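Here is a quick briefing to read alongside the structure. Keep the model open and look up each spot as you go.

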Amino acid sequence: MRAIERALREHAESQRPFVEVLGSDGTPQRVLSYREVTRGAQALVELLARERLSAGTSSADGSGGRSLRVGVVCGNTPAFVVADLALIAARAVEVPVPVAFSAEQAASLLEGVDVCLLDAEGQRRMASWGQERVLRPDCSLLLIDEEELLAGDRPLRLPDPEGRAADWECKVIHTSGTTSRPKGVRIRAHALDALLESLRTVMPRGAFTRYCSVVPFSLLIEQVTGLYMVLLDGGTLVQMPPRTALVGTAASAAGDAMPFVAAARPTALVATPALVDAFAAAADRAADAGRPVPKALFGTAEAPLICCGGAPVHPDLLGRLERHGLPVHEGYGLSENSSVVSWNTPGARRDGTVGRPLPHVRVRLADDGELLVKSTSLFAGYTRDDPSSLMLDAEGWLRTGDLARIDADGFISITGRKKNVIITAGGRNVAPEWVEAQYAQLPFVRAVAVVGDGMAALHGMFVVDDGTDPAVAEKAVREFGDRHLSDVERIAVPHIVTFDEQAYRRYFTVTGRPMRAAIAEALTSGTLHAAAGPGRTPDQAAKENTVTPSVDIRPYGEGTGKLVLPAAADRLSDLDPAQVIELLSEAGFLLLRGFGPGLEDFTSFVKAHSDRITLDPARSFHGGEVAQKVDAGTDAVGLHLENGNSPFGPDLTWFLCEKAARRGSQTTVCDGYRVWDRMGERARELFAAQDIVYSRNVEETKWKAFVFHQLEGRKGLDEITFDDILAPVRGQESTVISLNDDGSIAYSYRTAAAHPTLFGDRLAWANSIFGPSYNYEAPRIVFADGSELPGWLQDELRTLTEQVTEDLQWQDGDVALIDNTRVMHGRREILDTDRTIYNAQSYLNRGLLPGRV
């Protein structure tokens, strides 16, 4: 990082203001000079030097072992700035973690770090996550004491810029993956240096003299603009008041930030599209009142350099701002290119594009329109690969996954994501990003997302301002589409959602990008309103926002599953069973993490929700008559409902992971709603036309053990008779049971493969067609007319179910609760046999069903 280190050598001992922290009234609460900040960084370098010795990592000159890996969990505070500069001087690997992450996400990014640095906000977040859940036992935790560090009396010492450690892996930046575990993008020092040198050639000198930071520093672009470009200009970084929500972390944050942006008097800032929209509304109001717009919005006579990225801003909105004298400079970037690829600059700007590539970047289009990038700032790889990872071709071109156009003057227009292109049931292709940008012009719309893959028409989720009449909003959406969009692009099925903080964070990223898989599932399943079940009213939706104040509820995977973490409650017994079941009715499955239950706690938790406990007679009980140890060999286990191939299937399936495997061995879950919704027409017709029938023999010891448990001790095991197994199914035409000569029974059980669930009439394809036969005779499964399930049908369903199957990545102490009428479960191959998981099965206490009083 030669450019940064040159600037540090130039400014380090200056008394000029480097960091200014605003107070809640907008006046400067604290001002720190370059000298104070850099000497604080040196004090932290010296603390980290001691950690190197215990971790066995290399020194700042590159000698010794590997580089020290340091997690940084901080808000946008002076502590982050001190930590960042210290880690550059120490030649360490910085791993910044968003404080908005869940514990699971944080643990994924922090695995492998030697030290974790916290400011006060980070300390609070670590306490809510639980240190033992996100950090290795041998990872050191250091609280950044700003007052102590800033009192440092030694100047910052930087390594030799030409030494052996001049280039190193300087950062690991989070980026989303295909699961709830983010992957890290590995950034090289020389790559970041190339980017900064390139930015300096196209941005006006002095533009970053006074920068207002309103988005999280965990984003690489904010580090580049808010810290490094400021440093190169010898400027001042202005930070929001402590504990103020940053833009992108809360949907209301853009509006809340406006007074502080004006108080900051910035010469530059990076804005999200939501903040740009807030600028436009405020500019209209100022102009209508006859006030100078730059002064009203930014406290300055001239407009600052407003940079924007993350999602497109509609050209009409850009034109509106331009007429107010507020040009917006849209750009495009990827963490895989150390952030910026292209930017509209003051000297070369074209609305509706993301600008020309930076001087060190080359771009071209693949035959299918995908944007390819080659530069000297490309990343060094990922911390882990998954299907969302970007690839380099043999010639070193990065396949961005973005569709684009490049005009004759070199300006780039991003038209969508390859993976996001919607192919409607009519075979028409639609780029959702463009459609969303059109509807985002509506003044009451805070956010919009479009889905429609395989559907006859486009669906749209519209997040609207609180107080907006949904009927009026829907009418305006339809009228707008009729006037401005073609039949192919027009949203035919608008879903109006009144703004809710939890819902916004569930469905949109920090930069405002839609989380399309979760939105599509919610839109098509009818669970959108407050993430509730089908048929929920707005009043019920509002109620759910308060049903579980004692826990932190996060999305798990790409469907509707939920991760439940402790907040005020830290034991399973603290949770209200009615609220747990209400959440399950929407989610399909819950993963409860961080409550630390033992077998006794697990048993009590199951009983609190259940009318009756049932069992698998091939398993043994542990710690009472509820939990049974899972023992089904080491092979992968196919998807199934617990006891789903018999007339005795329970409502609920429960798991307690006492000891998690170190690799493999994940339990799998597959939502029957998603399977039925995505199933081909031919397959649907077959299952709608007739039921399926399971038939097999069950040994005498097993069926008698099952009946003995069901009778709850009213008969001894040696008193059980064939009549006792017949009693529960007598009169049911769907079940036929006969007694064999050896005491075993033969049964056939007829049921629908797709059926209503415990919580409603919506059909779920949930059954045991692909289920296991460990400890039992394999059942024969046929259609009700006796015909076999065709091979093509089984192949189609195996492919479909695998596409929507998700893994439960077990951690010690996890509890899973599964709706056994809707969600099938299975298991990946066991690769580590040192694992202990218990299962329980039960029938729901019907008094807990949502809507019951």
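**A first stop: Ser 377**

Ser 377 is in contact with Ala 191, Leu 195, Glu 336, Asn 337, Ser 338 and His 360, leaving aside its neighbours within four places in sequence. You'll find Ser 377 in the loop between β17 (370–375) and β18 (391–392). Its relative accessibility is 0%, so Ser 377 counts as buried. Bear in mind that this is a predicted model.

**Two helices that cross**

- Two packed helices are described by the angle between their axes and the distance between the axes.
- Take helix α11 (residues 273–288) and helix α13 (residues 315–323): their axes come within 10 Å and cross at roughly 45°.
- That angle makes α11 oblique to α13, because angles from 65 to 115 degrees would count as roughly perpendicular and those under 35 as roughly parallel.
- As for handedness, the crossing of α11 and α13 is left-handed.
- On the α11 side, the residues that meet α13 are Val 276, Asp 277, Phe 279, Ala 280, Ala 281 and Asp 284. On the α13 side, they meet Leu 317, Arg 320 and Leu 321.
- Sorted by class, this contact of α11 with α13 has six nonpolar residues, three charged ones and no polar ones.

**A helix with buried residues**

- Helix α23 covers residues 700–710, and its buried residues are Lys 702, Trp 703, Lys 704, Phe 706, Val 707, His 709 and Gln 710.
- What covers the buried residues of α23? The cover includes the strands β29 (610–614), β34 (692–698), β35 (735–739) and β36 (745–751), along with helix α24 (722–726).
- Just after α23 comes Glu 712, which takes a positive phi of about 55°.

**Positive phi elsewhere**

- Most residues other than glycine have a negative phi, which is a handy thing to know for the next two stops.
- Arg 243 is not a glycine, yet its phi is positive, at about 70°. Look for Arg 243 in the loop between β10 (236–239) and α10 (253–264).
- Is Arg 243 buried or exposed? Arg 243 is exposed, because its relative accessible area is 68% and the cut-off for exposed is over 50%.
- Ser 339 isn't a glycine either, and its phi is positive too, at about 110°. Ser 339 sits in strand β14 (residues 339–343).
- With a relative accessible area of 6%, Ser 339 is buried.

- Gly 401 belongs to strand β19 (residues 398–406). Why does Gly 401 count as buried? Its relative accessibility is 11%, and buried means under 20%.
- Not counting residues up to four places away in sequence, Gly 401 touches Glu 370, Gly 416, Arg 417 and Lys 418.
- Gly 401 and Asn 420 are 19 residues apart along the chain, and their C-alpha atoms are separated by 9.6 Å.
- Thr 805 is in strand β40 (residues 805–808), and at 12% relative accessibility Thr 805 counts as buried.
- Where does the side chain of Thr 805 reach? It reaches the backbone oxygen of Thr 801, at 2.5 Å.
- Setting aside residues up to four places away in sequence, Thr 805 touches Leu 639, Thr 668, Val 669, Cys 670 and Arg 828.

Terms used: Residues are numbered from 1 along each chain as its sequence is written. This is a predicted model: local features need pLDDT of at least 70, side-chain atom pairs count only at pLDDT 80 or more; totals for chains, interfaces and linings use all residues. Side-chain values use heavy atoms; hydrogens and water are left out. Buried means under 20% relative accessible area, exposed over 50%, partly exposed in between (1.4 Å probe, protein chains only). Helices (H or I, at least four residues) and strands (E, at least two) are DSSP runs, numbered from the N terminus. Contact means heavy atoms within 4.5 Å. Axes are lines fitted to C-alpha atoms, for helices over the stretch in contact, and angles run from 0 to 180 degrees between N-to-C directions. Angles under 35 degrees count as roughly parallel, over 145 as roughly antiparallel, 65 to 115 as roughly perpendicular and the rest as oblique. A crossing is left-handed if the near helix is turned anticlockwise from the far one by less than a right angle, and right-handed if clockwise. Ala, Val, Leu, Ile, Met, Phe, Trp, Tyr, Cys and Pro count as nonpolar, Asp, Glu, Lys and Arg as charged, and the others, Gly among them, as polar. A polar contact is a pair of N or O atoms within 3.5 Å; within protein, one must be able to donate a hydrogen and the other to accept it, and residues adjacent in sequence count only if both atoms are side-chain atoms.
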